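This briefing is meant for a reader meeting the structure for the first time. It takes up helix packing, then the core, and then a few individual residues and the chain as a whole.

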Amino acid sequence: ASGAIGSWGASVHSVRGGQIALAAGADMIQVSFSCLQQENAALLAQCGVLRKGVLVQSALCQGWLTDVGVAAARLLLAAGPRRVPRHAPTAYPSIDFQAMLRAIVRLDSIAARLRCTISALALRYVVHAPGCTSALVQARTAAQLRQIMGSLGDLAPLPADVVAEIARIGGGTAADGRLVHGGSRLWHWGAPPPRWCIDALVRSCAVPLPRLLE
C-alpha cells in the first residue's frame, strides 16, 4: 500500500495454490509444468488470460528429460520390475514409477523423430504452453550450462500433432473422450532423480553392470 513493493509473486505447487495467490494480488507465479507433469496447465492458461507472469520450474523434471535421464530410464526398464519399484514415494502423492520410465522413452522417440534432443523437446513444449512466460532450467556447473545451451538449437513451437501427442502421454481421458491434462501423474517434485536411481540399482544389482547393459 505504501508503494515500497512494486509487485510480488509466489511459488506454488497446485492450481488451487496458484488461484489463491492470484486472488491475493500476485503479479507472477512460479509453478511446476512439464511433459511429465501437466496438471497445472489450467493454471498457466488462467494466468495467460489475466496477463500474469508464469515462471515454469522443473521443465526437465530434475534431469529425467535429459540424455542422462533417458539412459537411466532404459537401464531401469532393462533391469526388470523385480529391481524397480512400481510406485515411487514423493513429497506429494506417489507416482507410477514404471509408467514414468516408459513415458520418458516415448518422449525420446518423439525427439528422435524431430531430430532434436529430449531436453529441447521438453523446453519447446513448455515455453510455448499457453500462459508460460519463461522456463527455469537448473545447471549446477558451467559445463552443464554449456551442454544445455548447446543442445537446445531451435526453440520454435512444436507441430500441433506433436503437442497433442505429448499431452496424451502426460494426461488422461475423460468419459466423453476429452483430454485431461495431468491425469497420469507421471512425475512430482521429490521423486528420486536419475543419477540416484542408477547408483541405487548398481549397488543392489547382483548382475555386473556391463552384462546388464547388454
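In this predicted model, the axes of helix α1 (residues 15–23) and helix α2 (residues 41–50) come within 10 Å and cross at roughly 20°. Because angles under 35 degrees count as roughly parallel, α1 is roughly parallel to α2. The points below begin with this pair and then move to other parts of the chain.

**The pair α1 and α2**

- The contact is built from Val15, Gly18, Gln19 and Leu22 on the α1 side, and from Leu43, Gln46, Cys47 and Leu50 on the α2 side.
- Sorted by class, the residues of this contact comprise five nonpolar and three polar ones, with no charged residue among them.
- Gly18, which has its place in helix α1, counts as buried because its relative accessibility is 0%.
- Leaving aside residues up to four places away in sequence, Gly18 touches Val12 and Leu43.
- Gly18 and Cys47 are separated by 29 residues in sequence, while their C-alpha atoms are 9.1 Å apart in space.

**The pair α4 and α7**

- Helix α4 (residues 97–114) and helix α7 (residues 160–169) have axes that come within 10 Å and cross at roughly 170°.
- Since angles over 145 degrees count as roughly antiparallel, α4 and α7 are roughly antiparallel to each other.
- On the α4 side the contact is made by Ala103, Arg106, Leu107, Ile110, Arg113 and Leu114, and on the α7 side by Val162, Glu165, Ile166 and Ile169.
- The class count for the contact of α4 with α7 is seven nonpolar residues, three charged residues and no polar ones.

**The nonpolar core**

- In soluble globular proteins, nonpolar side chains tend to be buried together.
- The largest nonpolar core of this model holds 55 residues, and the members that touch the most others are Leu36, Trp64, Leu65 and Leu107.
- Helix α4 supplies the largest share of this core, with 10 residues.
- Leu107 takes part in the contact between α4 and α7, and, not counting residues up to four places away in sequence, Leu107 touches Cys35, Leu36, Leu65, Ile118, Leu121, Ile166 and Ile169.

**The covered helix α5**

- Helix α5 (residues 118–127) is mostly covered, with nine of its 10 residues buried.
- The buried residues of α5 include Ile118 and Leu121, both of which are touched by Leu107.
- Arg124 and Tyr125 are also among the buried residues of α5, as are Ser119 and Val126.

**Two residues with positive phi**

- Ser58, in the loop between β3 (53–57) and α3 (67–79), is a residue other than glycine whose phi is positive, near 60°.
- Ser58 counts as buried because its relative accessibility is 12%, under the cut-off of 20%.
- Gln62 is found in the loop between β3 and α3, and Gln62 has a positive phi of about 55° although it is not a glycine.
- Gln62 is partly exposed, with a relative accessible area of 30%.

**The chain as a whole**

- The protein chain contains nine helices and eight strands.
- Of its 214 residues, 42% are buried.
- Among contacts in the protein chain with a separation of 6 or more, 68% involve residues 24 or more positions apart.
- The accessible surface of the protein chain comes to about 11,400 Å², and 56% of that surface belongs to carbon and sulfur atoms.

Note on methods:
Residues numbered from 1 in each chain as written. Predicted model: local features only at pLDDT ≥ 70, side-chain atom pairs only at ≥ 80, totals over all residues. Heavy atoms only, no water. Axes fitted to C-alpha atoms, helices over the stretch in contact; angles between N-to-C directions. Helix = DSSP H or I, 4+ residues; strand = E, 2+ residues; numbered from the N terminus. Parallel < 35°, antiparallel > 145°, perpendicular 65-115°, else oblique. Contact = heavy atoms within 4.5 Å. Nonpolar A, V, L, I, M, F, W, Y, C, P; charged D, E, K, R; others polar. Core = buried A, V, L, I, M, F, W, Y, C linked by side-chain atoms within 4.5 Å. Buried < 20%, exposed > 50% of the residue type's maximum accessible area, 1.4 Å probe, protein only. Areas by Shrake-Rupley, 256 points an atom, 1.4 Å probe, with all protein chains shown as cover.
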